[in-house]
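Hi,

Here is the structure I promised to pass on. Have a look at it first, then read my notes below.

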Amino acid sequence: ENAGPQRTAFLLRKRWTLYSVTPLYKFSDAHLKDYSRLLSAFIAAEKKKGLAVEIGVELDIKVAISSLPDLKGSDQDHAAILVQLLSRSPASSKTSEDKLLWSGWFCCVSGDDLNENVPEDFTCLPLFLTHGAESYTSIVGSWFQKTFDCCFRRLAISPLSLSWMAAMWTGCKADKTASAIELIFSVPCLPQPLDISYSIHPEDAKALWDTVQKTPGEITQEEVDIFMDCLYSHFHRHFTICLSATKLVTVSTSIASAHCDGTIKFLQSQYLTGVLMLLTELAISQIQ
């Protein structure tokens with residue numbers, strides 16, 4: 001089952017948890033319906049062991065695995081794979097709509113380097129994103145690991161990567177009214193947690209970035225460093241606080257918002273593949 005652009009709209013404005021995944025052995029798009037049935041049976045078996053049971057309600061879980069071919073950065077990329085867990089109470093009518101319990105999707109956006117170096121029997125989908133209960137994530141991940149001999153790892157986002165995201169997303173034009181760019185910093189070595197929130201008007205941030213970026217469409221580490229240093233200097237001038245001594249933990253813009261614990265929210269559909277390209281790169285760097 002293929003998906004048009006409208007099928008990717010549901011990916012927006014949800015908080016997704018990130019994982020990196022090693023290549024899947026002998027995975028085939030031709031068997032998605034078979035995989036759906038096998039995973040459904042696996043979940044039912046796990047429920048009987050007392051894992052991932054919704055307390056007080058006994059629900060039948062249906063698994064739907066489909067393809068999202070729009071989420072590709074190049075012809076070499078494998079189409080994204082969407083996994084959905086849906087429930088319907090046995091007492092409900094056949095015409096009632098299934099309730100979405102959990103969603104997860106594998107993707108590879110512009111992962112050409114990885115694709116070129118992997119044997120033919122392996123499928124590269126290094127980035128896995130989930131939305132829903134961790135108990136379902138654990139069960140689905142366990143089935144994929146056993147079935148396709150792959151390995152999942154939580155994908156954290158470093159302060160350096162968050163700095164890149166702040167710079168890249170500042171330079172993007174949003175369709176709607178742009179919201180403020182918010183950077184949240186965590187202050188280390190304190191008995192009680194303390195965060196500092198730094199909001200910048202989008203036009204001011206864009207004007208600063210335009211003075212820093214030398215070649216439109218290209219970004220260098222030096223440019224990112226200069227951009228962040230300018231923001232730090234401005235903040236220090238007003239509040240006498242050295243943000244360079246803190247840890248950047250969250251970046252929020254009109255394009256997307258990301259947290260260092262490895263969660264992200266996509267806010268603009270036209271930049272979805274661009275954000276996924278960066279996340280794919282981070283996932284590949286973790287599994288290599």
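Leaving aside its neighbours within four places in sequence, which residues is Gln 84 in contact with? Keep in mind that this is a predicted model. The partners of Gln 84 are Phe 10, Lys 62, Val 63, Ala 64, Leu 100, Trp 102 and Ser 103. You'll find Gln 84 itself in strand E4, which covers residues 80-88. Is Gln 84 buried or exposed? Its relative accessibility is 16%, and buried means under 20%, so Gln 84 counts as buried.

Now for two pairs of helices. Start with H1 (residues 32-48) and H3 (residues 134-148): they pack at an angle of about 125°, and their axes are 10 Å apart. That angle makes H1 oblique to H3, and the crossing is right-handed. On the H1 side, look for Tyr 35, Leu 38, Leu 39, Phe 42, Ile 43 and Glu 46. They meet a set of H3 residues including Ile 139, Val 140, Trp 143 and Phe 148. By class, this contact has 10 nonpolar, 1 polar and 2 charged residues.

The other pair is H4 (residues 159-170) with H7 (residues 272-287), packed at about 165° with axes 12 Å apart. Here H4 comes out roughly antiparallel to H7, and H4 passes H7 in a right-handed crossing. H4 brings Ser 161, Met 165, Met 168 and Trp 169 to the contact, while H7 brings Val 275, Leu 278, Leu 279 and Leu 282. Those residues split into 7 nonpolar, 1 polar and no charged.

Cheers

Conventions
Residues are numbered from 1 along each chain as its sequence is written. This is a predicted model: local features need pLDDT of at least 70, side-chain atom pairs count only at pLDDT 80 or more; totals for chains, interfaces and linings use all residues. Side-chain values use heavy atoms; hydrogens and water are left out. Helices (H or I, at least four residues) and strands (E, at least two) are DSSP runs, numbered from the N terminus. Buried means under 20% relative accessible area, exposed over 50%, partly exposed in between (1.4 Å probe, protein chains only). Contact means heavy atoms within 4.5 Å. Axes are lines fitted to C-alpha atoms, for helices over the stretch in contact, and angles run from 0 to 180 degrees between N-to-C directions. Angles under 35 degrees count as roughly parallel, over 145 as roughly antiparallel, 65 to 115 as roughly perpendicular and the rest as oblique. A crossing is left-handed if the near helix is turned anticlockwise from the far one by less than a right angle, and right-handed if clockwise. Ala, Val, Leu, Ile, Met, Phe, Trp, Tyr, Cys and Pro count as nonpolar, Asp, Glu, Lys and Arg as charged, and the others, Gly among them, as polar.
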